[in-house]
Amino acid sequence: MKLIQKAAGKSPWIIHYDCNSCNGCDIEILASLTPIYDAERFGVVNVGNPKHADILIVSGSVNYRSRRVLENIWREMPGPKVVIAVGACACTGGIFSDCYNIIGGVDKVLPVDIYVPGCAPKPEAILDAVVRATEKLVHKREELAARQAEHVAKLRAKDPKGGRNAEKQ
Amino acid sequence: MINIITIIITVLFAPLAGAVITGVDRRITARFQSRIGPPVLQPIYDVLKLLGKERVAVNAMQIIYVIGSLVFAILSLLLFVLRSDYLILVFVLAFSTVSLIVGATSVRSPYSKIGAQREIIQILAYEPVIILMVVGMYLVTGSFNIGSIAEHEGCLFAQLPLVFVAFCYVLTIKLRKSPFDYSTSHHGHQELIKGLTTEFSGLQLALIEITHWYEAVLFIGMLSLFFAHPLWLGILIALGVYFCEIILDNVCARTTWQWMLRFTVVLGFSLAMTNIIWLYLKY
Ligand code: SF4
C-alpha cells in the first residue's frame, strides 16, 4: 500500500490539450519534452490518451466550443488527477479574455491545481509545474484511498455479510 | 517438489526481470536520443501507480480478458521453464494474444478495434514463422520437447541459422517495436492513440504491462534455446538480440500493415522455409 502511495508521484503521465491557444504555449510544452529538458527523467510520458493520463495540461483560454471537449477529457481521466493551466490564457483568459467567444481561464470550467503564468512560460517553469503536480498526485492518491476505505466501511455497516461485494463496489 | 519451487521462482521473479529489461530498454532508448532517461525501475513505478488509480471499466468483461491474457502468458513461460512441449507453448502464447484482442474488441472505441484488427494481422504474419521454427527444431533434435531440445548436443544455431534470423525478425513484430508498432503505438498522439490498449486503464493496464514483462522473459528464453550450451552464452546472445531490437526500434519509422504482411511472408517465411528444406534434404 505504501509503495503504491509512493509510486503515485513517480510516473506522471500527461495529456496535453490545446483549448484555444495561439500555439505559443504548446510549443513550449512540447519543448519541455525534448531531449534538452528531458521530462522523462521524472517518468513523464506524453500518453495522448485521457484514460491513461494523470496530469491534464491545458494551454489557451476556454471558449464555448472547446469547453465540451475539455470537460470530456477531464471526465475520462481516472483519478487521482491534476490539472495544470499553462500560460496567461489558460490562467485567466489572457490577451483574449475580452473576446466575445471566450469563457475565460480553465478554472472557469475545471478545478485547476497549478497555474503556470507567462506568455509563453519557459519550459523550465512547465517542468517545475509537472514536478509539483507529482506531489499533488501523491496527496490526491491518499485522499482517494481514504475515500475508498470509507465507502467500503459504509457498505460493510449496511450489509455485514457482503464484505467482498462491498470491496468490489 | 523441484517443479513447485521452479514454478514459484518463475512466477515471482520473471516479472521483476522483465521489468528491469523494459526499464533498461527505456534507458537505452533515452541515451540514443541523448537524454538521461527515466530510472531503471520506472516500469515498476508505472505499474504500481496504475494499480493505485481509480477503477474505471468500459464493461465488466474487459478485466476477464486481460486476466486471461496474463494467465496464458504466465502459463506459457511455465511450460518453458518446466521443459514441456514446444508446440503447446506456441499455442498457449497465441491464446494470450487472442485474449487481449477479444478484450480490445469488446469495447466500442474505433481506436481499440483498429488496434485489435492490426494485431490479428500480425498474428497471421508471425505465427507461421514461429511454428516453422518449432518444426525446424524438431527436424534437428527429433523432439518437440523443450527439455530434449535444450539438451541436444551441438549448437542449434549451426543447423538453423536462417530460422534464427527469421525468428529475430518476427520478434520485432511480437514485441510491437518500431517499425511494427502499429497495433499499440508507443507514442499515443498519432493516428491510433494507443491502439489495442486505448480503452484499458488503471488495474487493467497494469496487468497488460505485467503480461509484457513475462513475455519479454519468455522471448529471451526462446532465443537462448538456439545456443543452449552453455546456457549463459545463450542468454547473453539473446540479450544482444534484444539490444539490436532496441536499436531498430529507434531508427525505424512505422510501416503499414500491408508492407509488414508482404515482407514477413516473403522474407520471414521464405528464410525459415529455405532452412527447413535444407535440413530435410540433409537428413
Ligand atoms: S499565454 Fe501567450 S503564448 Fe500562451 S496561448 Fe496565450 S497568447 Fe499564446
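How are H2(B) and H9(B) oriented to each other, roughly parallel or roughly antiparallel? Point 4 has the answer. This is a predicted model, in which local features need pLDDT of at least 70, side-chain atom pairs count only at pLDDT 80 or more, and totals for chains, interfaces and linings use all residues. Residues are numbered from 1 along each chain as its sequence is written, chains are lettered from A and ligands numbered from 1 in the order in which they are written, and side-chain values use heavy atoms, with hydrogens and water left out.

1. Chain A overall. Chain A has six helices and seven strands; helices (H or I, at least four residues) and strands (E, at least two) are DSSP runs, numbered from the N terminus. Reading from the N terminus, the order is α-β-α-β-β-β-α-β-α-β-β-α-α. The C-alpha trace of chain A spans about 60 × 40 × 20 Å along its principal axes.

2. The ligand. Its shell is made of A:Ser21, A:Cys22, A:Gly24, A:Cys25, A:Gly87, A:Ala88, A:Cys89, A:Gly118, A:Cys119 and A:Ala120; a residue is near a molecule or strand if one of its heavy atoms lies within 4 Å of it. At least two shell residues each come from helix H2 (24-31) and helix H4 (88-92) of chain A. Sorted by class, the shell has six nonpolar, four polar and no charged residues. Here Ala, Val, Leu, Ile, Met, Phe, Trp, Tyr, Cys and Pro count as nonpolar, Asp, Glu, Lys and Arg as charged, and the others, Gly among them, as polar.

3. Two backbone spots to check. Most residues other than glycine have a negative phi, and most peptide bonds are trans. A:Asn23 is not a glycine, yet has a positive phi of about 85°; look for A:Asn23 in the loop between strand S1 (13-18) and H2 of chain A. The peptide bond from A:Cys119 to A:Ala120 is cis, with omega near -10°, and A:Ala120 sits in the loop between strand S7 (114-116) and helix H5 (123-158) of chain A.

4. H2 and H9 in chain B. Helix H2 (residues 42-51) and helix H9 (residues 203-224) of chain B pack at about 150°, their axes 7 Å apart. Axes are lines fitted to C-alpha atoms, for helices over the stretch in contact, and angles run from 0 to 180 degrees between N-to-C directions. H2(B) and H9(B) are therefore roughly antiparallel (angles under 35 degrees count as roughly parallel, over 145 as roughly antiparallel, 65 to 115 as roughly perpendicular and the rest as oblique). Residues in this contact (heavy atoms within 4.5 Å) include B:Pro43 and B:Ile44 of H2(B) and B:Trp213 of H9(B). By class they are ten nonpolar, no polar and one charged.

5. Other helix pairs in chain B. Helix H3 (residues 62-81) packs on H9(B) at about 20°, with axes 9 Å apart, which means H3(B) is roughly parallel to H9(B). Helix H4 (residues 86-105) and helix H5 (residues 110-141) of chain B meet at about 175°, with axes 10 Å apart, so H4(B) is roughly antiparallel to H5(B).

6. Where the chains meet. The contact takes 30 residues from chain B and 26 residues from chain A. Together the chains bury about 2,500 Å², 55% of it on carbon and sulfur atoms; buried area is the accessible area (1.4 Å probe) that two parts lose on being put together, summed over both. B:Arg35, B:Lys49 and B:Lys53 supply 24% of the area that chain B buries against chain A, more than any other three residues.
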